[in-house]
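Here's a quick briefing to read alongside the model. Have the sequence and the 3D view open as you go.

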Amino acid sequence: MDFMTALPTILKAMTMGAVPILLAALGEVFSERAGLVNIGLEGVMAIGAFVGFAVGKMTGNLWVGLFVAMLAGVLINMLYAFCTVTLCADQVVTGMAINILAPAIALFGYNLFVGSNSANATGDQMASIAIPGLSSIPFIGNAFFNQTLLAYLAFVLVPLVRYFFKHFRAGLSFRSVGENPHAAETLGIDVVRVKYLACIVCGALTAAGGAFLTLCYTPIYTDGIVMGRGFIALATVIFGRWSALGVLGASLLFGFFDGLNVALQAQFQAAPVMFFKMIPYIFTIVALIFFGSKHAGPKANGQPYFREQR
Amino acid sequence: GGSGSSSSSSDSSASGSDSEQSSYKVAMIMSGIITDGGWDQGHYESLKRALESHPKWTMLEPKENTADADAATAAQTYVDQDVDLIIGNGNQFASDWAEVVADAADSHPKVHFLITNTDPTAEMTDYETLDPVETVLPDFKQTGALAGVVAGLMTQTKSIGFIGGMKLPSTITKYSAYLAAAQKIDPSIQGQYNFEAGFTDASLGTNLTQQWIASNNVDVMWGDASAVDNGARQALEAAGADTHFDIAQPIDIVGADQPTVVTSTVTDWMIGQAMDEIESGSFGGGKAITGNMDNGGITLGKFSDKVSQDVQDKIKEYSEQIKAGTFVTDDEVSAIQNTL
Amino acid sequence: MAELLRMENISKRFGSFYANKNVTFDVQEGEVHTLLGENGAGKSTLMNVLIGLYQPTEGKIFMHGKEVSISSPRVAVGQGIGMVHQHFMLIDDMTGLENIILGDKRHNSPLLQEGEDRKTVEDIMDRYGLEIDLDEKVGDMSIGMQQRVEIMKVLFRGADLLILDEPTAVLTDLEVEGLFDIMRSLTAEGKGIVFISHKMREVMRISDRVTVLRRGETVETLRVADTTEQELADLMIGQKFVENTYEKVTGATKDEFVLQNVSYHPEIKHGGLKDVSLTIHKGEILGVAGIDGNGQTPLAEVVTGLVKPDSGKVIGPDGTEIAVFSPETFIDAGLGNIPEDRNKMGLVGDMTIAENLVLKQTESDQFSLGHGKWLKMGEIHSYAERLREENDIRCTSVDQTARSLSGGNQQKVILARELEGHPKLLVAVYPTRGLDIGATEFIHNQIVAQRDAGCAVLLISADFDEVLKLSDRIVVLFEGQIMGTYPGANPPIKEISLAMAGK
Amino acid sequence: MAKKALSPEERSERRLMILTPVVAVLLALIIGAIIIACLGKNPLEGYAAMIQGSLGDGAKLSKTLERACPLIFTGLCAAFAYKCGVFNLGGEGQFIMGACATATCVLGLGLEGPAGLALGLVAGIVAGAIWGLLPGIMKITRGLNEMITTIMLNYVAMYFMEYIYKNVYSDNGLPKTIAIPQSARLPEVFGTHVGVILAIVLGIFIWYVIFRTSFGFKIRAVGMNPIASRVNGFPVRRLVLLAFILSGAIAGLGGAVELLGKTPYRLADGFGSGFGFDGVAIALIAQLNPIAAIFVAFFFGVLSTGGTMMQSVIGVPTAIVEIIRGLIIIFAVAGMAAVKLPKIKAYVAARQDAKAKKAEVNA
Ligand SMILES: Nc1ncnc2c1ncn2[C@@H]1O[C@H](COP(=O)(O)OP(=O)(O)OP(=O)(O)O)[C@@H](O)[C@H]1O
Ligand SMILES: Nc1ncnc2c1ncn2[C@@H]1O[C@H](COP(=O)(O)OP(=O)(O)OP(=O)(O)O)[C@@H](O)[C@H]1O
Ligand SMILES: [Mg+2]
Ligand SMILES: [Mg+2]
């Protein structure tokens, strides 16, 4: 394979592949910063993908589709919030339940929406906006500066999230809740409220990541469209070390390996391609082995918070 | 829903009066959904066409998203309801159903099975009895050759691509005939292929096609991978719908909302023929129904306005040769097949 | 001097247990008012009521003579009350400055005003001579600096009334001096301070008045000038000071367990051991006295096999050097262990009392067939019933979870399990922390009885009285070093106290 | 065994914990019924078909048992790991790798007859164990969260299986392996393959190991409080690693049994898909009790086979059954957490008190 000819396309696939993971991972950063590990991202993304697709098609306005998808993501994530924050249920288990329930709801909705009316099966796509000048930079121009608006927004979100956690009072409060909720409480921070807020942001961003799949990537919804991206996003948060910039790097790296996988598939056509398909997952494990463990993340992550606990 | 009838009532009805039976039921089992824009939708549309010409038949709600582990159970539930014809969309059902078929042959003689895309000699070795089964096997060489002709005439860059969901013998045959026919038109044409794309990951279709466009100048794609084809069309459209074309399969989807699709190779799964055989009592024995250009099993769909009249005429001319078996020879096809 | 705070007839109940009962307490402007009392006397509870973390069952709170209702920590902050908690409430992963300004709402903007706040904080630092590295992560700071961050959190919020819950327990002498300087300049400005400490010497030096709490009730409030250490201690304990009721053993000579020049992370002042040599004799209680955080935890970890010392030798009961540092090895060598944190280290809270009682012995023939291949549930149950009788473990059933027991009864479960194994060496770390007098007495009796049966006992306790009461020999641990060895019979209390302070 | 004398609060909590899954199922079925009714179908007819289609006669019952069989294995895999505090979400990957090893053993070595069968089962156990060991090593040496690593390994296993059935033991170039030869298949008893009985026996055996042996005792202790376990002399790291290995082995055996016991006796696309996560749900609804897990897995089997029947008889989308399943899980999880909340506990205790007082007054 001529790597240099394949590279621009790999880079394009990288940015495209990174966006949904980035969005979900940014959502998860909020969640984990507030001490909630949400393994149900996969399910929330499925909901986002379907609702974005269906509402975008129904209203003919993709942005309305995106907005409603985010609302739906918040709604389904409220189920998670209620179970884990209010009822103090186990976070992993609740996430697993969401992963089973949410795609089923999405599929059911799809059945109702498309039914036997196959005219509804294909939706619309957001158009790419090439930034004049920048988009013609060799290699990276098309990858980075010829994107859909949603993708640009996702990348713009990174410095914003970073700014939020660094410079906003609320950002500091978020972090304190994930680190030591009891200390936060003594300083007058409403821990339960922060956790619910985190779930709202997480649900909205994750669903936006899902919606990206149907609104910007391909104009159709299929059961299983998320393909483990939710789980990858979880891993991304760990080796992006719970920071927006880290998550950006990690998801781009993941996108790169996914793009590489496809490039290898495209060029080594007779090879057993399943080994190429393993690359992103193996890469995730290897990356975790090297970067995953030292910094263990928010200290109270994953633990239920009882206010009256001694 | 009144479509379900209890099995006790049909037990009492005499099974000897098949030919005078006034109503028949047909059910379809698939691993995807009826709106997948590809494989299962093609089957579903074939079934609907067959129903139009067979008024005695009624259809039960199709069983979608049937996991491998549930395939046998799904068939069994229809056996229990004495459904006259149970259709399995694809050869993956062949091995799953062996037991159900054997049981049904004894206990429910009125139930028949039709498994599509299956070669009974190679894929039904598990079967104790083939009495109530038939398969449908379209002439994939014709399908491939039709697509190849279109691709050969449409490509400017002399580079064409193909994405298959799964590495099946049928997929390989299709691609081989596709490339052979295209090379017949212009021997310098190069082919790119992927047979392992699955049927759901549309983004893979996009990325693969982008790679080929960038690295190999591919400008015509033919797809056999349902949702993945959508992704491929996405990439073609992004590269310019005026110069990049897609040939759809297996349903006719040419239209305004598909700017890249120039035509479709349409497969009909010959369900009507199976129904006729059941009505006349001649169904079964593990026969394979062939679908080809003669019996309407394989057709070329509508053309978009990107295909000039001149090209359309040529396609028509070559189609006749394909139908007659004179366009590409078996040797030419297997020569390519051997390189894969 | 005007009245700053008055708490009237405060009661606080947990379940059926009164942590505070009819407590009355007041603070004047510009004074340091000390709360004195045994562990579990209810000092922290009273202050948590004041700060709004707990709601009082009964009673009234007045600030500047006006009745207030403190429903949450936020209200307390608004009232000018700030608290430095016994267990630091800090976020290790944030910088000093971030910890200080966290949750503060003085600016209307949603943005942090770090520059402005930094100036404010620096002004306060200058004013009181507080030294804090504002940009260092709190987790990397020394304990003393962490404490100053806690104090700064309170000052930053403009508190008139500061509550310092055992602030000196973790400080070095020098740091204590620094703290006292700060406290003096605060009171000079008319602020009031509630000070909680177990260290009589400090209390006498810094306080204006002292209120003694016992079993949740106010005993008396005295001016420091009008009282003595002796009187305060008597009031606190509720009886005449240190009645030595146990006979001391002298002349035990058989070495059961020896540490030779053991060091463990000596660079950590409050978490390491420096060249520690100890000999624990058979049939003798060796008490380790010292202020909490002077190496007690690593010492306990070394002698129970939880950590491997960096250098030095440990010689076990059979006279050979211990090579593998793991709890298994030590247990096999005859160790019984009453660990520091009974919930975390001693018990499996979600297992039943019976299961906890046989925790170490499930492979013995008594409790299972074929070395653990089939547990004899009946046998385990009746064994547990027997221990419950013998040790007066108060529970509804031995099949209830250990978590549901009260602290004293949890400790009895651990003690029963450890002593039933007839250990050669018993390590007891803070064995009566948080226990009431009855349970404490029971535990003490059991430990002495074990000694009399020939066991070597290492007693590590921050409770000086406990050490004096039980030990046959006393060593003092200060900043990870042994300061000296003293006899248990007629101990030189003055000398030992000085050694505990590093002198 | 001696009679357990529990405090009234504990007794009522235990009763609530048993009651919760039942209520969860009922609630989910009611919501399912409402959805079905909204689609204009008759939910009662549907549920009748569900029961008829899964338990209607001996043959149906045995199909349901066969459907439940792999879920019993993955459920036990999850239950065993969680008992030791290990969040193994990799049941699916371990199941698949087990089956791949079995296929290699039987098809690759060309073994037939009982030897092939026995070796195939052993190979499944070993491969599953190794696939469980990997995340265990990563956890112990690098502190990696096993939730993520096991999920990633699921995907690797899935693609590896694809390689096996497409490139190694493909049947005539079709994307499925050659069928396991008749002689190496699990024999049938009472209309189901022996694997079902093996699964049930294994469930009882695991119950015995966890609750009646010293090893299981230690596993439980480590799961509930690793620090106390270490202080009390248990080899915590070794036990955790063993939990990884054994739970992997259980899932691996499940894969072997599924391949050797159930039609079509082949590996193909979708083999084992979703079984791992279902197993996790099963283990949690069963509150980590292996014997209860057998029943819950059986119930999942009923939902699967019966759900297919219901779907085809009344003609509702397949997703309904999935939704009902998801609702059952989430209701069960929420319910069990709620029962443990201090507030709810206090309420229950208060009612208990009131009842006791009433009884006193009456007496
Ligand atoms: N949240 C709570 N729930 C139940 N009991 C509690 C709670 N907080 C404190 N207690 C009990 O109240 C009593 C008083 O505890 P408190 O912490 O006030 O003691 P203290 O005087 O501060 O002791 P120390 O000197 O150890 O700090 C103890 O018996 C304790 O067990
Ligand atoms: N964290 C907690 N949450 C709720 N209740 C608690 C908690 N800790 C202790 N309690 C309850 O508070 C009461 C007092 O607890 P504490 O540990 O002080 O026991 P105690 O009265 O000192 O018992 P003992 O007589 O054994 O010393 C007990 O009834 C106990 O069950
Ligand atoms: Mg206290
Ligand atoms: Mg107490």
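Where is the place of C:His422 in chain C? C:His422 sits in the loop between α14 (407–420) and β18 (425–429) of chain C, with helices (H or I, at least four residues) and strands (E, at least two) taken as DSSP runs numbered from the N terminus.

This is a predicted model, where local features need pLDDT of at least 70, side-chain atom pairs count only at pLDDT 80 or more, and totals for chains, interfaces and linings use all residues. Residues are numbered from 1 along each chain as its sequence is written, chains are lettered from A and ligands numbered from 1 in the order in which they are written, and side-chain values use heavy atoms, leaving out hydrogens and water.

- C:His422 has a positive phi of about 45° although it isn't a glycine. It counts as exposed because its relative accessibility is 62% (buried means under 20% relative accessible area, exposed over 50%, partly exposed in between, with a 1.4 Å probe and protein chains only).
- C:Asn261, another non-glycine, has a positive phi of about 50°. This residue lies in strand β11 (residues 255–264) of chain C and, at 42% relative accessibility, counts as partly exposed.
- B:Gln249 and B:Pro250 are joined by a cis peptide bond, with omega about -5°. Look for B:Pro250 in the loop between β9 (245–248) and β10 (261–267) of chain B.
- In chain D, a cis peptide bond joins D:Thr263 and D:Pro264, with omega about 5°. D:Pro264 is in the loop between α10 (236–261) and α11 (275–285) of chain D.

**Aromatic rings**

- Searching the whole structure gives 48 aromatic pairs over all chains (rings of Phe, Tyr and Trp, using its six-membered ring, pair if their centres lie within 6.5 Å; planes under 30 degrees apart are stacked, over 60 edge-to-face, and the rest tilted).
- B:Phe162 and B:Trp222 make a tilted pair, 5.3 Å centre to centre with 50° between the planes. The pair links distant parts of the chain, 60 residues apart: B:Phe162 is in strand β6 (residues 159–164) and B:Trp222 in strand β8 (residues 220–224) of chain B.
- B:Phe162 is buried, at 0% relative accessible area, and B:Trp222 counts as buried at 0% relative accessibility.
- D:Trp207 and D:Phe211 also form a tilted pair, at 5.9 Å centre to centre and 40° between the planes. Both lie in helix α7 (residues 194–212) of chain D, four residues apart, or about one turn of the helix.
- D:Trp207 is partly exposed, with a relative accessible area of 23%, while D:Phe211 counts as buried at 18%.
- Ring pairs tie A:Phe30, A:Tyr163, A:Phe164, A:Phe165, A:Phe168 and A:Phe174 into a cluster.

**A buried charge**

- C:Glu166 is buried yet has no salt bridge (a side-chain nitrogen of Lys or Arg within 4 Å of a carboxyl oxygen of Asp or Glu). The nearest side chain of opposite charge, C:Lys43, is 4.7 Å away (Lys and Arg count as positive, Asp and Glu as negative; His and the chain ends are not counted).
- You'll find C:Glu166 in the loop between β7 (161–165) and α6 (173–188) of chain C.

**Between chains**

- Among the five pairs of chains that touch, chains A and D have the most contacts (heavy atoms within 4.5 Å).
- No contact joins chain B and chain C, and their closest C-alpha atoms lie 38 Å apart.
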